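Please read the following alongside the sequence and the coordinates.

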There are 2 protein chains.
Amino acid sequence: MKRHRRENNQLDTSQGFCCRGRVWIEKNSETYLGFGRMVLLQRIKEFGSISQAAKSMAMSYKHAWDLVDSMNRQAGESLVSTSKGGKGGGGASLTEAGEAAIKEFAGLLDRLDVFLAKETARLQVSMMR
Amino acid sequence: MKRHRRENNQLDTSQGFCCRGRVWIEKNSETYLGFGRMVLLQRIKEFGSISQAAKSMAMSYKHAWDLVDSMNRQAGESLVSTSKGGKGGGGASLTEAGEAAIKEFAGLLDRLDVFLAKETARLQVSMMR
């Protein structure tokens with residue numbers, strides 16, 4: 001599968017030095033939510049389908065389903081609800097918990113960006129000395 | 001090579017949910033300093049030898065040297081200075097810039113830990129609702 005990692009976009013100041021980072025949420029040492037999983041939830045919401053969401057991320061259906069299953073299991077409630085059959089093979093939508101998970105993680109990413117911007121600014125000072 | 005990644009050690013509160021993260025410093029989109037590189041510098045200081053430092057990290061000498069070279073080049077000055085020949089094949093030591101780089105990155109890791117601890121505490125609140 002393609003890796004879906006997010007890069008912070010702050011300007012390269014500090015003589016080209018830039019602080020970068022990545023965050024994720026674990027439960028009992030297993031990944032619960034990361035950038036790729038958040039994008040998967042966003043795409044499921046957008047397409048109303050796990051298979052189309054997976055396809056848009058160059059990810060196998062099985063892998064996408066395993067990720068959804070992992071999130072549902074760890075949250076103790078479904079983040080994604082699915083309906084079987086019908087034209088197009090059934091659909092998928094986010095539950096209220098799924099919407100909350102996206103919001104939660106997006107907020108964390110925003111706060112990480114603030115942290116990294118501060119650290120990049122700090123580098124600028126220390127590299128100038 | 002073995003991966004040398006650092007895990008933040010804060011307590012798993014928030015029903016087992018825990019925010020984890022990783023940071024690194026790039027220059028022009030190339031890694032300048034990360035956890036593994038910082039440990040390599042610390043080991044070079046400890047052993048006075050790039051080859052012994054590499055061995056202690058289950059890393060090839062070539063890989064260790066490439067990392068040192070990458071850091072020296074990007075910093076625009078040597079972080080590690082080497083002396084040729086002699087018994088044991090010459091030695092290596094950190095320059096003032098090398099010492100400063102360790103201190104810089106260790107400080108960044110400490111501040112990341114504070115950030116992650118805050119985020120884990122925040123998760124506890126939001127997961128309880």
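Which residues of α3(B) are buried? In this predicted model, the buried residues of α3(B) are Ala64(B), Leu67(B), Val68(B), Met71(B), Gln74(B) and Ala75(B). Viewed down the axis of α3(B), these buried residues fall within an arc of 140°, so they line one face of the helix. The face turned away from that buried side carries the exposed residues Lys62(B), Asp66(B) and Asp69(B).

The length of helix α3 of chain B can be checked as well. Helix α3 covers residues 61–75, and at 1.5 Å a residue its 15 residues should span 21 Å; the end C-alpha atoms are 21 Å apart, which agrees. After α3(B) comes Gly76(B), with a positive phi near 75°.

The next topic is the relation between the two chains.

The contact takes 20 residues from chain B and 20 residues from chain A. On the side of chain B that touches chain A, the elements giving two or more residues are β1 (17–27) and α4 (96–128). β1(B) gives the largest share, 11 residues. By type, that side of chain B divides into 10 nonpolar, 4 polar and 6 charged residues. Because 100% of the interface residues of chain B are also interface residues in chain A, the copies meet through the same surface.

Strand β1 of chain A and β1(B) run antiparallel and are joined by 11 bridges. In this pairing, Arg22(A) stands opposite Arg22(B).

Notes: Residues are numbered from 1 along each chain as its sequence is written. Chains are lettered from A and ligands numbered from 1 in the order in which they are written. This is a predicted model: local features need pLDDT of at least 70, side-chain atom pairs count only at pLDDT 80 or more; totals for chains, interfaces and linings use all residues. Helices (H or I, at least four residues) and strands (E, at least two) are DSSP runs, numbered from the N terminus. The expected span of a helix is 1.5 Å times one less than its number of residues. A residue is buried if 20 or more other C-beta atoms lie within 10 Å of its own, exposed if 12 or fewer, and partly exposed in between; C-beta atoms are placed from the backbone. The arc is that of the directions from the helix axis to the C-beta atoms. Two residues are in contact if their C-beta atoms, placed from the backbone, lie within 7 Å. Ala, Val, Leu, Ile, Met, Phe, Trp, Tyr, Cys and Pro count as nonpolar, Asp, Glu, Lys and Arg as charged, and the others, Gly among them, as polar. Two strands pair if DSSP finds at least two bridges between them.
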